[in-house]
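Subject: Structure handover

Hello,

I am passing this structure on to you. Please have it open while you read my notes.

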Amino acid sequence: MAESQAYVLGGEQHELARLDAQAAFYEPATAWLLAAAGIEPGMRVLDLGSGLGHVARLLATLVGPEGEVVGVDAQPGLLELAGVRTAEAGLANVRFVEGDVREYRDERRFDAVVGRLILFHLADPVAALRHHAGGLEPGGLLLAIDFDTVGCRCEPPVALAEAAVEYYVAAFRRAGADPAIGMRLGSLLAAAGLTGVSAVGIQDYIPPGDPRGIALLAGVVRTLAVAEGPSAVPPELALDTLDRRLAEEVEGAGATIVPPTLVGAWGRAPSEPG
């Protein structure tokens, strides 16, 4: 087996809370992409990098009781919590499996494979896509959802927000992640042999005074700072006052926060001849 996959942001309690908030913010866009790509009732779907199960539960509602969702992740602690939450939601058509998202193979083929915010962390995303395309039924669907973070900004510009974005984009790159991978999802799927590839980005806009914008910006900075160590954080991003200062500057400028664009790209596995 290849060296274990690395999740840049870790799994501490503060990170789980950030993931929950992020998932809630991007849930409407994710649901739209799932439906637009062609997730339908009765499908058997693999959810890559299932984590806390946010996408798996969305999928479960779309495929219905006649369908099945298998969520795979390398972190057993997250999967345990995902299982509890899924049971509490009354969803009996989901099961979670511990495994490497680059290499997992089920005993049966899937009608669709979905991965949200997972290719971002992989050194060879095309190899992972090609591997999972091989686990699809002929003509099966593969949907990749990821961020284009480099366009994150405020309008009018806010210096502290610009510094936060500059730091976290650079920090992700130092960790080997690709903060702009959303821009390349369509070409990555095509390179992996998928056909009929489509790609679309969904852009949210957060008005001044909406605390979700500050939470998204400051939350990523804080989690990366824990991972990298305080010495890597620029002095102007002092964490103890970052949220307050960001809120003051954004609201003082009357600025709209443009968060990372959520991009979805999907294509089909080749159909077998005849």
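Below are the notes, taken topic by topic.

**Ground rules**

This is a predicted model: local features need pLDDT of at least 70, side-chain atom pairs count only at pLDDT 80 or more, and totals for chains, interfaces and linings use all residues. Numbering starts from 1 along each chain as its sequence is written, and side-chain values use heavy atoms, with hydrogens and water left out.

Helices (H or I, at least four residues) and strands (E, at least two) are DSSP runs, numbered from the N terminus.

**The sheet**

Seven strands form an open sheet with mixed pairing. Their order is β3-β2-β1-β4-β5-β9-β7. Two strands pair if DSSP finds at least two bridges between them. The edges are β3 and β7 (195-202), each pairing on one side only. From one strand to the next, the twist averages 15°. Axes here are lines fitted to C-alpha atoms, for helices over the stretch in contact; angles run from 0 to 180 degrees between N-to-C directions.

β7 and β9 (residues 261-268) run antiparallel and are joined by six bridges. In that region, A199 stands opposite A265 of β9.

Helix α3 packs on the sheet, where it touches β2 and β3. Its direction makes about 170° with that of β3. Helix α4 (residues 125-133) lies across β1, β4 and β5. The angle between α4 and β5 is about 150°.

**Helix α2**

Look next at α2 (residues 54-63). It is largely enclosed by the rest of the structure, because seven of its ten residues are buried. Buried means under 20% relative accessible area, exposed means over 50%, and partly exposed lies in between (1.4 Å probe, protein chains only). The buried residues are V55, A56, R57, L58, L59, A60 and V63. They pack against α1 (13-37), β1 (44-48), β2 (68-73), α3 (76-88), β3 (94-98) and β4 (110-116). Contact means heavy atoms within 4.5 Å. G64 follows α2 and has a positive phi, near 75°.

**D148**

What is the nearest side chain of opposite charge to D148? R173, at 7.7 Å. D148 is buried yet has no salt bridge. For charges, Lys and Arg count as positive and Asp and Glu as negative; His and the chain ends are not counted. A salt bridge is a side-chain nitrogen of Lys or Arg within 4 Å of a carboxyl oxygen of Asp or Glu.

D148 sits in strand β5 (residues 136-148). Its side chain reaches the backbone nitrogen of V150 at 3.3 Å. Leaving aside neighbours within four places in sequence, D148 is in contact with P179, A180, G182, M183, P260, T261 and V263.

**Salt bridges**

Side chains of opposite charge can pair when their charged atoms come close. The count here comes to 13 salt bridges.

One of them joins R85 and D20, with the closest N and O atoms 2.8 Å apart. This pair links distant parts of the chain: R85 is in helix α3, D20 is in helix α1, and they are 65 residues apart. R85 counts as partly exposed, at 23% relative accessibility. D20 is also partly exposed, with a relative accessible area of 25%.

Another joins R44 and D106, with the closest N and O atoms 2.6 Å apart. R44 is in strand β1 and D106 is in the loop between β3 and β4, 62 residues apart. R44 is buried, with a relative accessible area of 6%. D106 counts as buried too, at 11% relative accessibility.

D106 also meets R95 in a salt bridge (3.1 Å, N to O). R95 is in strand β3, eleven residues from D106. At 33% relative accessibility, R95 counts as partly exposed. These residues belong to a network: R44, E68, R95, D106 and R108 are linked by salt bridges.

**Two backbone details**

Where is the cis peptide bond that joins E155 to its partner? It joins E155 and P156, with omega about 0°. P156 lies in the loop between β6 (153-155) and α5 (159-174).

L117 is not a glycine, although its phi is positive, about 55°. L117 is found in the loop between β4 and α4.

Best wishes

Methods:
A polar contact is a pair of N or O atoms within 3.5 Å; within protein, one must be able to donate a hydrogen and the other to accept it, and residues adjacent in sequence count only if both atoms are side-chain atoms.
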